[in-house]
Amino acid sequence: MRISPLLKDILYLIPYPLAFLLVAVFYTSGVLSAIQALALGSIVLLFALLSAFFRYSSMGLLLFVIILSIPFFVIEFALIYADLGIISANGVKPDALDYLYFSVVTFTTLGYGDFQPTEAARLFAAVEALVGYVVLGVFVSVLIVVAQRHENRRATRSAIRRKALLRHDPLELKARVTRREKTSGDE
């Protein structure tokens, strides 16, 4: 029996939502604290992203998954910082937007220095920086692959059109090429 590639992809993804459901069950039953549940969810999501990177043939789908996961990571770590705390350089008590800001700055590894993690949050800040480094690196590499595939398809379509035109009217093709060369030479 032959299984379609789409069905294989769907079957391949099933363990990850189940893992998140398991994390949610452990959290609601009190087995895991909020921070432990978020950290475990983050690890599951990172593993799903990395395995999808090596599994999927559809780079467009992978790009979509990565784009959707970035806000999840940022919000997840912002919630961790809200629980464990961050220290403001000017001594003002941080609010919800400050936690989100600190999470974005840490995820992108910018590190402005206007906020610092508390002693309890330092490990999570380091993990977030590593996760951001990996996810953004995978995102850029997938973006390059998608762009290359798009350019290859465009070049193939252009070559097919040229061949078809050459079969029908070689003089018209030569005239078009000459016009293009003149136009590109004027720039």
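## Close-up views of a predicted model

**View 1. Arg122 and Glu119 form a salt bridge, with their closest N and O atoms 3.5 Å apart.** A salt bridge here is a side-chain nitrogen of Lys or Arg within 4 Å of a carboxyl oxygen of Asp or Glu. Side chains of opposite charge can pair when their charged atoms come close. Glu119 counts as exposed because its relative accessibility is 62%. Arg122, at 47%, counts as partly exposed. The cut-offs are under 20% relative accessible area for buried, over 50% for exposed, and partly exposed in between (1.4 Å probe, protein chains only).

This is a predicted model: local features need pLDDT of at least 70, side-chain atom pairs count only at pLDDT 80 or more, and totals for chains, interfaces and linings use all residues. Residues are numbered from 1 along each chain as its sequence is written, and side-chain values use heavy atoms, leaving out hydrogens and water.

**View 2. Glu151 and Arg154 meet in a salt bridge, 2.7 Å from N to O.** Both residues lie in helix 6, three residues apart, about one turn of the helix. Helices (H or I, at least four residues) and strands (E, at least two) are DSSP runs, numbered from the N terminus. Glu151 is partly exposed, at 36% relative accessible area. Arg154 is partly exposed too, at 43%. The whole structure holds two salt bridges.

**View 3. Ring pairs link Phe72, Phe73 and Phe107 into a cluster.** A pair of aromatic rings is described by the distance of the centres and the angle of the planes. Rings of Phe, Tyr and Trp (its six-membered ring) pair if their centres lie within 6.5 Å; planes under 30 degrees apart count as stacked, over 60 as edge-to-face and the rest as tilted. By this rule there are six aromatic pairs. Phe73 and Phe107 are stacked, because their centres are 6.2 Å apart and their planes meet at 25°. This pair links distant parts of the chain: Phe73 sits in helix 4 (residues 59-84), Phe107 in helix 5 (residues 96-107), 34 residues apart. Both Phe73 and Phe107 are buried.

**View 4. Phe77 and Tyr81 form a tilted aromatic pair, 6.4 Å centre to centre with 35° between the planes.** The two residues are four apart in helix 4, so about one helical turn separates them. Phe77 is buried, with a relative accessible area of 2%. Tyr81 counts as buried at 0%.

**View 5. The largest nonpolar core has 25 residues.** A nonpolar core is a set of buried Ala, Val, Leu, Ile, Met, Phe, Trp, Tyr and Cys residues joined through side-chain atoms within 4.5 Å. Which members touch the most others? They are Ile66, Phe73, Tyr81, Phe107 and Val135. Helix 3 (34-55), helix 4, helix 5 and helix 6 (122-168) each give two or more residues to this core. Helix 4 supplies the largest share, ten residues.

**View 6. Ile14, Leu18, Leu21, Leu22, Val25, Phe26 and Val31 form a nonpolar patch on the surface.** Patches are made of residues with over 30% relative accessible area and no salt bridge: like charges are joined within 9 Å, nonpolar side chains (Val, Leu, Ile, Met, Phe, Trp, Tyr) within 5 Å. Together the seven residues have about 620 Å² of accessible area. Accessible areas come from the Shrake-Rupley method with a 1.4 Å probe; for residues, only the protein chains shown count as cover. Leu21 lies in helix 2 (residues 15-28). Leu21 counts as exposed, at 52% relative accessibility.
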